[in-house]
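The tour below moves from one selection to the next and says what is to be found at each stop.

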Amino acid sequence: MKYSFYATPNRRNLNILNKWTYYPKDVLPMWVADMDFPAPIPILNELHRVVDQGVLGYEIPSKSLSETVAARMDHLYQWKVRPESVVTVTGIVSGFNVAARVFCSLKKGVLIQTPVFNEFHEVKNNIGIPQIDVPLVKSVDGNILHYEIDWDVFRKQVKKAGMFLLCNPHNPLGIIFSHKDLLRMAEFCIENGVVIVSDEIHSELLLGGNQFTPMAKLSPEIAKHTITLVSPSKTFNVPGLFCGFAIIQNKELRERYKKEVEHLRLHVNSMGLHAAQVAFSGQCDGWLRELRRYLTANRDFLVKYITENMPNVRTTISEATYLGWLDFTRTGIKGSPYKYLIKNAKVALSEGKIFGSDGKGHTRINFGTSRKILKQGLDRIRRALP
Ligand SMILES: Cc1ncc(COP(=O)(O)O)c(C=O)c1O
């Protein structure tokens, strides 16, 4: 079957705030991490089926849903997970906040690698714990940005942590960490009794020929110390349904985690449960293959456009996600490029500073849209540069 990503539905006519209604009508939204494409048909059919039977009653995660999640891990990575290791959560952000409640304290904080997803920075405020930063180190080759781990800093900082919140693939940098890096990070965590919470929400949005391996798959010892967070929400563009999964193979960690989920009464929306069952069943994988091709071409278009038309802007080449990271520090824009571009280009990107202080002078761009809208946004940015 052929899928089309060229036409995107109009979300401006919906009366609840969303990516397209948040800013004034003349501003092109390329910010929050959802895509402009409709979700795949099998998921939409399932939701129609539920609505058509008329009752929107309480539903709870079924054994068959846990089996479906476990089967997907086996199918994608030959990672053998028992269905009872799967804990359903109300999204990945609540999933890692729950972990911080259980595994962090005033003395043992949450370790993060900045610049990183803004919600990682909120954990310290939500739970009242220290945040321990291990900034990724930036280098530039031509106009292409690279980021690497500073191992001395990691080794020193990990001692202060109760939990390491890993973002892999990384938002906003699009990095898939190498096995070597993952093994080394895990080794430091295990040595220091630090629980690894691996946010792998973007793991199925692979670009080009890139491959992914879950942190917990790397060794049974690592699996014992790891909570893996996965979800269909980014991959199949159903983030508004808020359903995700914490895979916890270590029974002791799992029991502590589950207890907290139960205490907080984090019940998942029934539509989210139905969508996840279909999304992870494999019925949408043809759509996903086409999506990855389209997103890969969008990433290539973005990098080429910037290289050829905006020599003072630097960019990452994302290995996964539909997110790019742009460095405007050499463009002569004074102050925040995010604010400058809303005003002068009528394009809303994401403010770099929300990903950490090292994001100052940068923005994140969402290229999960049609090529036409992507080009329109880039044309507007190019014309507005000083
Ligand atoms: C790394 C990462 N984790 C989690 C989320 C959001 O997860 P959820 O909507 O399931 O809470 C996002 C959304 O952008 C993300 O990029």
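In which loop is Pro172 found? Select Pro172 and you will be in the loop between β7 (161-167) and α6 (179-191), where helices (H or I, at least four residues) and strands (E, at least two) are DSSP runs, numbered from the N terminus. The model is a predicted one, in which local features need pLDDT of at least 70 and side-chain atom pairs count only at pLDDT 80 or more, while totals for chains, interfaces and linings use all residues. Residues are numbered from 1 along each chain as its sequence is written.

Next, select Thr114 and Pro115, which are joined by a cis peptide bond with an omega of about -5 degrees; Pro115 belongs to the loop between β3 (109-112) and α4 (118-127).

From there, go to Asn237, in the loop between β9 (226-230) and β10 (244-248), and inspect its phi, which is positive at about 55 degrees although the residue is not a glycine. Asn237 is buried, because 21 other C-beta atoms lie within 10 Å; a residue is buried if 20 or more other C-beta atoms lie within 10 Å of its own, exposed if 12 or fewer, and partly exposed in between, with C-beta atoms placed from the backbone.

Finally, select Thr321 in the loop between β11 (314-315) and β12 (323-327). Thr321 is not a glycine, yet its phi is positive, at about 80 degrees, and Thr321 is buried, with 30 other C-beta atoms within 10 Å.
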